[in-house]
Number of protein chains: 2
Amino acid sequence: VRKSPDHQAMRADARRNRDRLVAVASAVIAERGADASLEEIARRAGVGSATLHRHFRGRQALLEAVFQDRVDTLCALAQTLADGHSTSDPGAALVTWLRAVVAHAAANRGLGASLMLGAGQAESVHARIADAGRGLLARAQAAGVAQPDIDIADLLTLVNVISAATEQNPDLAARADHANRLLTLLVNGVV
Amino acid sequence: VRKSPDHQAMRADARRNRDRLVAVASAVIAERGADASLEEIARRAGVGSATLHRHFRGRQALLEAVFQDRVDTLCALAQTLADGHSTSDPGAALVTWLRAVVAHAAANRGLGASLMLGAGQAESVHARIADAGRGLLARAQAAGVAQPDIDIADLLTLVNVISAATEQNPDLAARADHANRLLTLLVNGVV
């Protein structure tokens, strides 16, 4: 069926509200953790609590949307970087993406644990992120600007533990600085 | 007072028993975790349970001795490496020591948590290990064979999270392989 222009406008509006709620929730959760106030999220998104609850049945549904959005963003970024930098600087493209992974993981602050993802779901998220990173790593290795024997799973393990090592710090900016410093160490190596 | 030769021999014997108990306990704990059987430790050390309990009031005292012994060993190793390699290959000396830190941490398998070290004790252990590593890092940096901007605290944070990332694996050899692979990645860097 053909939708009326009014209906389409309403749907576009609802879509914008939903997207804004996910973006604001992502920022608030990064700041306050997974138990951030839903009222504060609605307020900062400029909608009422009723609108938030119309889009998301509850906290769990909102957390899942935030998590999914972050994974989508990381995968899309890998694609963009692979398209844009593949010929110019594949080493820089890889490092840019790793910094984004650390930033996203640092922003998670226990979101993964709160979600209580099943083992299958967690595996599928890991596989999507590993697939996204594998292409960037392979291009950098083919160009001779990344260590040839690195495995993407090992690399992501280290990136994840860097985030875990810094997540106890309640100060968002200090946490990001610390995670970035540790990632720089990993990127440049010791010797 | 002057000790009789018999008394001295008995003391030397007791000392050897204690050292052997600590060494065997260290190996058994690496294999089975901090709740390893004290009977098995005594048996593998070739002494009776009564001898074990004469040297160590209980599990906690034995765990503390094992932990202390590992810290002493790491610090002594740093000194030996600094003396022996300072002019020849300070980069290799640093990496050798980092591999030992990972191996010791991997062998700990929750020993630190079981010990319930007070914050002050944990800090003092961290400070001793950081002091031991700082000298090796500084020599390698002065020789131009380690990245100049690395901080010993950041480096040890990464080494510790590498151990933490692998400690869930119940297979001792696989755990050591994994930790070594991640350390190689850290040592060589990504780009």
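Visitor: How many residue pairs are in polar contact between chain B and chain A, both residues being at pLDDT 80 or more?

Guide: Between chain B and chain A there are 12 residue pairs in polar contact, with both residues at pLDDT 80 or more. A polar contact is a pair of N or O atoms within 3.5 Å; within protein, one atom must be able to donate a hydrogen and the other to accept it, and residues adjacent in sequence count only if both atoms are side-chain atoms. The elements of chain B that give two or more residues to the side touching chain A are helix 5 (90-108), helix 8 (152-166) and helix 9 (172-188). Helices (H or I, at least four residues) are DSSP runs, numbered from the N terminus. By class, this side of chain B has 17 nonpolar, 6 polar and 2 charged residues. Here Ala, Val, Leu, Ile, Met, Phe, Trp, Tyr, Cys and Pro count as nonpolar, Asp, Glu, Lys and Arg as charged, and the others, Gly among them, as polar.

Two remarks on the basis of these values are in order. This is a predicted model, in which local features need pLDDT of at least 70 and side-chain atom pairs count only at pLDDT 80 or more, while totals for chains, interfaces and linings use all residues; side-chain values use heavy atoms, with hydrogens and water left out. Residues are numbered from 1 along each chain as its sequence is written, and chains are lettered from A and ligands numbered from 1 in the order in which they are written.

The interface may now be described as a whole. On chain B, 25 residues are in contact (heavy atoms within 4.5 Å) with 25 residues of chain A. The area buried between the two chains is about 2300 Å², and carbon and sulfur atoms give 69% of this area. Of the area that chain B buries against chain A, B:Asp154, B:Val190 and B:Val191 supply 28%, more than any other three residues. Buried area is the accessible area (1.4 Å probe) that two parts lose on being put together, summed over both.

Charged side chains also meet across the interface, where the rule finds 2 salt bridges. A salt bridge is a side-chain nitrogen of Lys or Arg within 4 Å of a carboxyl oxygen of Asp or Glu. B:Arg181 forms a salt bridge with A:Asp154, the closest N and O atoms being 2.7 Å apart.

Leaving aside neighbours within four places in sequence, B:Leu186 is in contact with residues of both chains, including A:Leu158, A:Leu185, A:Leu186, B:Leu155 and B:Ile162. The largest nonpolar core has 120 residues, and B:Leu186 is among those with the most contacts inside this core, together with A:Ile41, A:Trp97, A:Leu186, B:Ile41 and B:Trp97. A nonpolar core is a set of buried Ala, Val, Leu, Ile, Met, Phe, Trp, Tyr and Cys residues joined through side-chain atoms within 4.5 Å. Buried means under 20% relative accessible area, exposed over 50%, and partly exposed in between (1.4 Å probe, protein chains only).

Helix 8 of chain B also holds B:Thr166, which is buried, with a relative accessible area of 2%. A polar atom of the B:Thr166 side chain lies 3.3 Å from the backbone oxygen of B:Ile162. Not counting residues up to four places away in sequence, B:Thr166 touches B:Arg175, B:His178, B:Ala179 and B:Leu182.

From B:Ile41, one may turn to helix 2 (residues 38-45) of chain B, whose buried residues are B:Leu38, B:Glu40, B:Ile41, B:Ala42 and B:Ala45. At the start of helix 2, a side-chain oxygen of B:Ser37 reaches to within 3.2 Å of the backbone nitrogen of B:Glu39. B:Gly46 follows this helix and has a positive phi, near 75 degrees.

B:Glu40, buried at a relative accessible area of 10%, meets B:Arg32 in a salt bridge (3.3 Å, N to O). Another joins B:Glu31 to B:Arg44, with the closest N and O atoms 3.5 Å apart. This pair links distant parts of the chain, with B:Glu31 in helix 1 (residues 5-32) and B:Arg44 in helix 2, 13 residues apart. B:Glu31 is partly exposed at 34% relative accessible area, and B:Arg44 is partly exposed at 40%. In chain A, A:Glu31, A:Arg32, A:Glu40 and A:Arg44 are linked in a network of salt bridges.
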